[in-house]
Amino acid sequence: MAIDSEGETGSVPARPGLRLVLAGCIPFLILVLWLGSIPQDHVWRDGTISLLKTYAALVLSFLGGARFGIVIAHETPGENLTLAATAIPVLAGWLALLIGEPGSFALLAVAFAAQGAWDSLSAHRDELPLWYGRWRVRLTVFAVVMMVAAFLATA
């Protein structure tokens, strides 16, 4: 059964957590808008790309870590496989930092989509809170759109 942030089943997230999640979207939006608006030869372009890639890789790693914490806190079926799978976002983010653009943003978009789909499907199987699954879908769409925009800005 899905457990919410207060240890009960539920469909509503904790408000402070939602505020933090929404605040975490701001750097994506600012960096992508800036990247899309500056010329190719702008002195801050490479730095903007680096900041965006690094932030995206960190967020992706955080999502894998959040999933790891949920698995550890609540014994779930197939725990060993699930624990191993929580390392994939970290590895994908790291690889994205090592490859050039626009491929790095394509990899990040795919990784965000995969993690979001996994979290959403898990919520529907009662392995995660339903509110978490719903918010992960929304935030995944946002992150994927940001990565696609960055891909297009660097293609």
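Analyst: Let's start with one idea: a contact means heavy atoms within 4.5 Å. Keep in mind that this is a predicted model, where local features need pLDDT of at least 70, side-chain atom pairs count only at pLDDT 80 or more, and totals for chains, interfaces and linings use all residues. Residues are numbered from 1 along each chain as its sequence is written, and side-chain values use heavy atoms, with hydrogens and water left out.

User: Okay, among contacts between residues at least 6 apart in sequence, what share joins residues at least 24 apart?

Analyst: In this protein chain, that share is 69%.

User: And how many helices and strands does the chain have?

Analyst: Helices (H or I, at least four residues) and strands (E, at least two) are DSSP runs, numbered from the N terminus. Here you get 6 helices and 0 strands, so reading along the sequence gives α-α-α-α-α-α.

User: What part of the chain counts as buried?

Analyst: Buried means under 20% relative accessible area, exposed means over 50%, and partly exposed is in between (1.4 Å probe, protein chains only). Of the 155 residues, 37% count as buried.

User: What does the accessible surface of the chain come to?

Analyst: Such areas come from the Shrake-Rupley method with a 1.4 Å probe, and for residues only the protein chains shown count as cover. The chain's total is about 8700 Å², and carbon and sulfur atoms own 70% of that.

User: Now helix packing. At what angle do the axes of H2 and H4 cross?

Analyst: Axes are lines fitted to C-alpha atoms, for helices over the stretch in contact, and angles run from 0 to 180 degrees between N-to-C directions. Helix H2 (residues 45–73) and helix H4 (residues 88–98) have axes that come within 7 Å and cross at roughly 170°.

User: Are H2 and H4 roughly parallel or roughly antiparallel, and which residues make the contact?

Analyst: Under 35 degrees counts as roughly parallel, over 145 as roughly antiparallel, 65 to 115 as roughly perpendicular and the rest as oblique. H2 and H4 are therefore roughly antiparallel. From H2, the contact uses Lys53, Thr54, Ala57, Leu60, Ser61 and Gly64, while H4 brings Pro89, Val90, Ala92, Gly93, Ala96 and Leu97. By class, that makes 7 nonpolar, 4 polar and 1 charged. For those classes, Ala, Val, Leu, Ile, Met, Phe, Trp, Tyr, Cys and Pro count as nonpolar, Asp, Glu, Lys and Arg as charged, and the others, Gly among them, as polar.

User: Lys53 showed up there; is Lys53 buried or exposed?

Analyst: Lys53, a residue of H2, is buried, with a relative accessible area of 7%. Leaving out residues up to four places away in sequence, Lys53 touches Ala96, Leu97, Ile99, Glu101, Ser104, Phe105 and Leu108. Lys53 and Leu98 are 45 residues apart in sequence, yet 9.9 Å apart in space, C-alpha to C-alpha.

User: Where is Ser104, and which residues does Ser104 touch?

Analyst: Ser104 sits in helix H5 (residues 103–124) and is buried, at 0% relative accessible area. With the four-place rule applied again, Ser104 touches Lys53, Ala96 and Ile99.

User: What is the handedness of the H4 and H5 crossing?

Analyst: A crossing is left-handed if the near helix is turned anticlockwise from the far one by less than a right angle, and right-handed if clockwise. The axes of H4 and H5 come within 9 Å and cross at roughly 165°, which makes H4 roughly antiparallel to H5. Their crossing is left-handed. Pro89, Ala92, Gly93, Leu95 and Ala96 of H4 meet Ser104, Leu107, Leu108, Ala111 and Gln115 of H5. That contact splits into 7 nonpolar, 3 polar and no charged residues.

User: And how far apart are the axes of H2 and H6?

Analyst: They lie 12 Å apart, with a packing angle of about 155°, so H2 and H6 are roughly antiparallel. This crossing is left-handed too. Arg45, Ile49, Leu52, Ala56, Leu63 and Ala66 in H2 meet Tyr132, Arg136, Met147, Ala150, Ala153 and Thr154 in H6. The classes are 9 nonpolar, 1 polar and 2 charged.

User: Last topic, loops. Where does Pro102 lie?

Analyst: Pro102 is in the loop between H4 and H5, and the peptide bond from Glu101 to Pro102 is cis, with omega near 0°. Between H5 and H6 (130–154), the loop holds Pro129, which is buried at 7% relative accessibility. Asp126 belongs to the loop between H5 and H6 as well. Asp126 is partly exposed at 37%, and has a positive phi of about 70° although it is not a glycine.
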